[in-house]
Amino acid sequence: MSNRTLGLGLVLLGILVTVASLLADALGIAAQPGVLGWKQILGAVVGAAISVAGVFIFVRRRGGEAERAKVQDSRPQAAAATDVVHPSPEPHPREGSTLDNGDLPIYDSTAVRVPFVHELTELYRYRFLLWNLISRDLKVRYKRSVLGLLWAMINPLLTMAVLLVVFMRLFRFEVDHYPVYILAGLLLWNLFARGTSVAMRAVLDNSAIRRQIYVPASVFVAAAVGSALVNLLFALVPLLILAVAGGVPPRLTWLYLPVPILQTTLFAFGVGVTIAALVVFFADMIDIYEVALSAYFYFTPIIYPMSILPPLLVRVQQFNPAYQFIDAFRLPLIDGVLPAPNSILLSTIGVLLLTLAGWSLFTRLSDQFAYRT
Amino acid sequence: MVRVDGLTIGLRGVSVRYRVPTEPVSTLKEHAIRLLQGRRAEYREFWALDGIDLDVQRGEALGIIGRNGAGKSTLLKVISRILRPTAGQVWVRGSVAPLIELGAGFHPELTGRENVYLNGALLGFSQAEMEARFDRVVEFAELWDFIDAPLRTYSSGMITRLGFAVASEANPDILIIDEVLSVGDEAFQQKCLDRMHEFRARDTTILFVSHALESVKRLCERAVWIEHGQIRHSGAVGETIAAYQNGL
């Protein structure tokens, strides 16, 4: 059995274990129906871990060694000679270098490095570029408009107004402070949706630059999510004003609001970095993701209340990070209570695992981006 | 004046292979169908570089000549770490700044000032480092009157001047130039050439890719001729150019 099949098998097994543990209630194998038991959480974590391991094996098979191995036997005859008499692995005796150029940075294409860690240090080294890219996005988006940066605040308000007209007139949901409910949900959702959709194209769209100069690819993904985050921060101003105007008093629990925002940012980065890597290899991922994203929007109680969902779907929402984070954002904002820790913990662990897996996929494949784009 | 300890760039058996699919397999759908049918995707292999060995001494100006598609630009890409080679070793000491297609990182809606900072960031500079260089960049580009106007109002000559100014103020250890000397008016061209000679005096290593053999002859002391991803000839610039012209 090849590593590739093994990897794929592990991924499927992991997903199966995860889903079975989480949906134990629905499948009728739960010890205590209705309550999320610790065994379920354990099962979910183990399942996720198996999946991640599977992805590792799958990617490793396709990336590094296989590539190297094939190089040896598929090279043209002319080159074979140089291969046999492989010269000294390090062409330059470092001890020979003297005073004046000893501290210059050295790049060695064969240096052993762990992509997962290496890309992190590169991202840190290019933090000034990251900041420049985010501010470029903002400036370019609002520069030529009369209202300038005010648009970042007015835009979500207008969307909310449209939704209010539609939903208050047509559907009449029973939700307290419905305008704030909708706007809060939309803002957090926009952070996720905009962040991931721009991040998805980050590697492709910046290939013109990356063809001419070395820049770590992850900078562009981080910039996409970063500028979605900055946009959200601008839009918080009208949100809080609307809340107060609508009769929600400013509360101490508002201090908790940065937490769900950061959790959503991490979620967007994890998803974004994963698809950004996949899109380089599968062009139709863009269309698939766009459909999936809009399905996800309607699946998640953002513009409608949880109470209209059938019981099974209500239970499924426990494992929906988007809903968990949006809920954790609305509760302290509107009701003045903090979210229950266990529901948040599960989503956060899940999102963290996803981000780690996505980052490792992205960094392992990033050497091949330049060959593909 | 080759110094034993002065090696800046070393390539050993460097090969770059591109795999061009013989049929479209760039979508998930195609892959799924192929997986179900149990077929593997077929690729045509193309070696853009094929076992290149090359040493460049510090302060040397090396010309790279050859026909279109010979692998010249790919060679620059493995040295500036845009591409990791499929096989072999690339070893580079010092910072590398490319001067390829000037102004690639520029955005038309941003002002000249904002673009200078953005481009500096792409070259890996920090805010403080760019602030220290900013005045000299604008001075060299002769753009004081326009620096706060959006780039879309610039002429193409002005954009090129700004691009060259940023890249040359970067003051790298290794400067990579891919066919850009034909920019701006004559006075500015002269300024660029002067700047090149300054670089040479400062011990900057220069890699110069061009079809303009005269420019190569003027700027470089050594040249390599690349064909089909292999070094066909390497030696003094006059000698290599002569070999190249005879081989055409």
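This is a predicted model: local features need pLDDT of at least 70, side-chain atom pairs count only at pLDDT 80 or more; totals for chains, interfaces and linings use all residues.

Q: OK, zooming out. How many helices and strands does chain B have?
A: Chain B has eight helices and nine strands. Its C-alpha atoms fill a box of roughly 65 × 50 × 35 Å along the principal axes.

Q: What share of the residues of chain B is buried?
A: Of its 248 residues, 48% count as buried. Looking at the contacts in chain B with a separation of 6 or more, 73% come from residues 24 or more positions apart.

Q: Now the sheets. In what order do the six strands of the open sheet in chain B come?
A: The order is E5-E6-E7-E3-E8-E9, and the pairing is mixed. Strand E5 (96–98) and E9 stand at the edges with a single partner strand each, so one side of each has no neighbour in the sheet. On average, neighbouring strands here are turned by 20 degrees against each other, direction ignored.

Q: How do E8(B) and E9(B) run, and how many bridges join them?
A: They run antiparallel, joined by six bridges.

Q: What do E8(B) and E9(B) form together?
A: They form a hairpin with two residues between them. B:His228 is in the turn and has a positive phi of about 50 degrees, although it is not a glycine. This residue is partly exposed, because 16 other C-beta atoms lie within 10 Å.

Q: Which strands does H2(B) lie across?
A: H2(B) lies across strand E3 (61–65), E5, strand E6 (174–178), strand E7 (205–209) and E8 of chain B. Its direction is at about 150 degrees to E7(B).

Q: What is the order of the four strands in the other open sheet?
A: That order is E1(A)-E4(B)-E1(B)-E2(B), with antiparallel pairing. At the edges stand strand E1 (106–108) of chain A and strand E2 (43–57) of chain B, each with a single partner strand, so one side of each is left without a neighbour in the sheet. Neighbouring strands are turned by 15 degrees against each other on average, direction ignored. H2(B) packs on this sheet too, touching E1, E2 and E4 of chain B, and its direction makes about 65 degrees with that of E2(B).

Q: How many bridges pair E1 of chain B with E4(B)?
A: Strand E1 (residues 7–21) and E4(B) pair over five bridges, in the antiparallel sense. In one of the facing pairs, B:Ile9 has B:Val92 in E4(B) as its bridge partner.

Q: Switching to chain A: at what angle do helices H13 and H14 pack?
A: H13 (residues 258–281) and H14 (residues 285–299) pack at about 145 degrees, with their axes 9 Å apart. A:Ile275, A:Leu278 and A:Val279 in H13(A) meet A:Met285, A:Ile286 and A:Tyr289 in H14(A). The residues of this contact divide into six nonpolar, no polar and no charged.

Q: Where does helix H12 of chain A bend?
A: H12(A) bends by about 30 degrees at A:Ala235, and a proline, A:Pro238, follows within four residues. The 28 residues of this helix (residues 218–245) should span 40 Å at 1.5 Å a residue, which agrees with the 41 Å between its end C-alpha atoms.

Note on methods. Residues are numbered from 1 along each chain as its sequence is written. Chains are lettered from A and ligands numbered from 1 in the order in which they are written. A residue is buried if 20 or more other C-beta atoms lie within 10 Å of its own, exposed if 12 or fewer, and partly exposed in between; C-beta atoms are placed from the backbone. Axes are lines fitted to C-alpha atoms, for helices over the stretch in contact, and angles run from 0 to 180 degrees between N-to-C directions. Two residues are in contact if their C-beta atoms, placed from the backbone, lie within 7 Å. Ala, Val, Leu, Ile, Met, Phe, Trp, Tyr, Cys and Pro count as nonpolar, Asp, Glu, Lys and Arg as charged, and the others, Gly among them, as polar. Two strands pair if DSSP finds at least two bridges between them. The expected span of a helix is 1.5 Å times one less than its number of residues. The bend at a residue is the angle between axes fitted to the seven residues ending there and the seven starting there.
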